[in-house]
Every structure is written in C-alpha cells, then in structure tokens.
Amino acid sequence: MLTVLRRAAALARKTGIRARLTVAIALITLAALGATFVAVYRGTGSDLRQQIDRDLGEDAGALIQRVAGARPLAPAAVVRRAQRYINSQPQFGPSFELIVVQAPGVRAATNDPELLGPAPKPEPGETGGERRAELAEGRAIRSAPDGYSTVKLRDAGEVRLLTRQLIGGGREVGRVTIGQPLTSVHSAQAGVSRTFLLAGSLALVAALAAGVAVASRTTKPLRRMAQAAEAVDSGELSTRMNPHGSAEARQLAESFNHMLDRLEDAFSRQRAFVSDASHELRTPLTAIRGQIEVLARAPDASDETTATAEVVTRQVERMERLVEDMLVLAQADERIAHDPKPVEVKSFLPEALATSFLGVDRKLELGPVPNGTLVADSDRLTQVIGNLVGNAIEHTTSGGSIRVAAAAADGRLRITVDDDGPGIPLTQRDRVFGRFYRADPSRSRSSGGSGLGLAIAKAIVEAHGGRIWVDAAPRGGARVAFELPGFQPSAP
C-alpha cells in the first residue's frame, strides 16, 4: 500500500496542479476512509466480544448456582447434578454455548461428548492427524486457565471461554467452563468490511470526480494564463484574459493584462522606432556615399584622401547593410512579407551560392541536390542562404571549407550549411538566432557582422512555415540547417 502511495505521489509531482489536487483529494479521502474503517471494525469486534464476555459470566454464575449446594458434594454427585442441567440445554454448536463441568477423579459433564467425552473409536475416514488434533482441542478446553481465554477449534473456529471454580460448602469441588463461538463477531466484522468496501469505493469515485471538478475550477485561471502566455510567445500580443471568477483570479487576470498592455506598447514603440530610424538613415547614408565618391574622384585628390575615402565607403556600405537588416527585422515583427512561387531547386541553389561566394577565398563544396520544385520566395530564400554562408565565412579562416547540401523527404526540403570552423557550443545553439547575439564575445563588430544574419534567416524561414536549428558539423565545425515545406519531387 505504501509503495502504491509513493508511486502515486511521484507521478503527481511530474504532472500539473490539476492532477496533484485530484490525487491529494483522493488520498485524503482514502486515508479518512481507512481510519474510519479501522475504528469501526475494531469497535464492532470489541463491543461484541464484551457482550459475549458478559453473557458467559451470567451463564457461568447461573450454572454454579444450579450445581453447587450449601454442603460439600462428592465429585460424582457434582458431575451428575451438572449433567442433568446440561441435558436440558442444546448441544454445543455455532449458535449455542459449550458447557463443561469437571470434578476430580470423574468424567466431565458436557454438552459435547464427542469432543470432551471418553476417547471413542476413530470415525470412518478420520486420519490419525485429525484424531490427534481433536484430542488436543479437548485437552486445551479442560486445561483452560481461570478467567477468560480463547481456543481455536476446527469445527467451530475461535471459541471464547470462561473458566471458574465451583465452590460447594465453602471449598472447591470442581471447575466450570462456559464457551461461546466468536462466529457472530467475525460475521459482523466481515459485514463491516463489505459495507466499507462498497461505500468506500463509491466515496472514492465521488472524491475523484469532485477532485477533478475542484481542481479544474481552481486551476482554470492558470490554464487561461498559460494559453495567453503561449499566444504571446508566438507573437499575439493582443491576447487578453477575461477577469472573472474569484478575487485572486480577477487580480491575476488584471495584473497579467496590465503587463501585456505595457509589453504591447513597448514592442509597438520599438518596431516604430526601428522602422522609422531605418528609413531615415537611408537618405543621409546615400548622401554620404555620393559625397565620398565625388571626393575620391576629385582631380587634386591625394593618395591619402583616396585611401580614406575607400575606408569610409566600406563603413557606409556596412551601415547600409545594417539598415537593410533592421528593416527586414521590422517587417518580421509585422509578419515578414514574402511572395512564394515554385522554384526549381536544382538550378536555384547553385545560383544562390555563386552570388554568396563572390570574392571569397573559401572552398565551396556543393553536395547532392534533389530534383523538384519548392514553393517559396526565391529572393527571401537567397537571403537566407546568403546569411548562412556569410556566417560560415566569418567563422572560418582563409582557405577554409564550407559544404552546402540539400535533401528532401515527406514533402519538405532540408538545406544544410557546414563549415570547418570552431563550431558553436551546445549551450549557445539556441541563442545564436537572437538579435545582435555573438557566439564569440571576443569578436568585435568591426571584424564580424552585425549579429542579425541568423535572426533574419530565422524570421524568413518561420514566415515560410519552416524551422531552423544549429548542430555540430561532421568536420567538427558548425552546421546550420533549415527545413521548408512545399517541396514537390520531379523525375531526374
């Protein structure tokens, strides 16, 4: 029983609050029923045994008064008088008392001569062991100590005995033993067990049903909050909880809604700022680029001026890329725009890689590419591949190796980009898709990208209904893979 309770408790700890409350209510009900059963079961047995003891005392007293006299009697006279009284009583059985009167030197008077009379011949079919057990039972009754005791008989079960001295004429002339089977006690306790088994089962079922109802009602605000939080996590900041129910539930809903109002306002202002800033930065960056180009082409421009113009131009180009990335992310917050159309994967992938590898001293290896079409925005898909390849280029040294491969299964296309760089630690693989996150903190922004490439790739892939993740590459570097639905294979 304890093992079952421990397992139930362990299971409840692994489940939700609703299951815990239900199990707790059921266990409390079960414990209360168990304690009540033990009390009633023992109380019933104790009351009936006390009543039997009182009956035995009264019957023993009446027998002693009938047998004993004012003058001392010979043992034979005591037994004869007792036998005459016993003959008027029913024979010992499950519903009747056992009566035994013993006197020194004579055969005992009893209403069960088979058990306590002279040793008869064995009955047909009776084994020696059974006969010895019967004789032992008779000896146990005759040698019962004064007062109350209990013996167990094969035919009658447990028998409660009361043995008293038989006093006649002021001295002991014999012993009286009265016995009553405890069948009534066992029957009553068995009835209590059956009643509690039935009533307890119904009560436990009712407690489970009530526990489920109470737990469901109690945890309903928490479940609504969890659903709202899940919706918020997916980008639905307009989700709100209905403040009703208990005072605690209303307070929780109002606090949660207030928090969401502030979050929605903060995100809205952030998106507006990013979008406005990106748009506003385009014009001055274009003007700066134009002025630098004019300055570099001036007839009297010195070599130092030309070199400075080239450095500034590269920084302006980097700033323009950052502005474009910020615009893409601002669009991603408002569900990034894309125009999906059938794309021939076999020809598209080499073209996208050729654009990404212009002027790069890395070894490109293109793995197998399946035949078929993918329903996707080719420009956005090119941007994803360019960002992944650019990330691999940044984390590999000159002459490093980058391998791109594609595979299809169950209507989905998977593209992997492997490099032989240092790789990405397991603890950082879920964080590299965050905005402005850098897996290597020692890398400065002047030597690396803006930290937005993987975030943009994730936004585009998810806008297409796909998923993107980081793993370890077979060559020891990093592998970034993404998977998109909508692939239709075709014959080679």
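I took two strands as paired where DSSP finds at least two bridges between them, and I kept in mind throughout that this is a predicted model.

**Entry 1, the sheet.** With that criterion I looked up the strand order and found five strands in an open sheet, running β7-β9-β10-β12-β11, with mixed pairing. I noted that β7 (363-366) and β11 (467-472) are the edge strands, and because each has a single partner strand, one side of each is left without a neighbour in the sheet. From one strand to the next, I recorded a twist that averages 15°.

I then followed β7 to its partner β9 (residues 401-409), and found that the two run parallel and are joined by four bridges. For K363 I listed S401 as the bridge partner in β9. I also checked what packs on the sheet here: helix α9 (residues 345-356) touches β7, β9 and β10 (412-419), and the direction of α9 makes about 175° with that of β7.

Turning to α3 (residues 75-87), I found 13 residues and a reach of 18 Å from the first C-alpha to the last, close to the 18 Å expected at 1.5 Å a residue. Which residues of α3 are buried? I listed V78, V79, A82, Y85 and I86. Seen down the axis of α3, these buried residues fall within an arc of 125°, so they line one face of the helix. On the other side of α3, I noted R84 and N87 as exposed. Looking for what covers the buried residues of α3, I found that the cover includes α2 (17-67) together with the strands β1 (98-102), β2 (109-110), β4 (157-168) and β5 (171-181).

Key
Residues numbered from 1 in each chain as written. Predicted model: local features only at pLDDT ≥ 70, side-chain atom pairs only at ≥ 80, totals over all residues. Heavy atoms only, no water. Axes fitted to C-alpha atoms, helices over the stretch in contact; angles between N-to-C directions. Contact = heavy atoms within 4.5 Å. Expected span 1.5 Å × (residues − 1). Buried < 20%, exposed > 50% of the residue type's maximum accessible area, 1.4 Å probe, protein only. Arc of directions from axis to C-beta.
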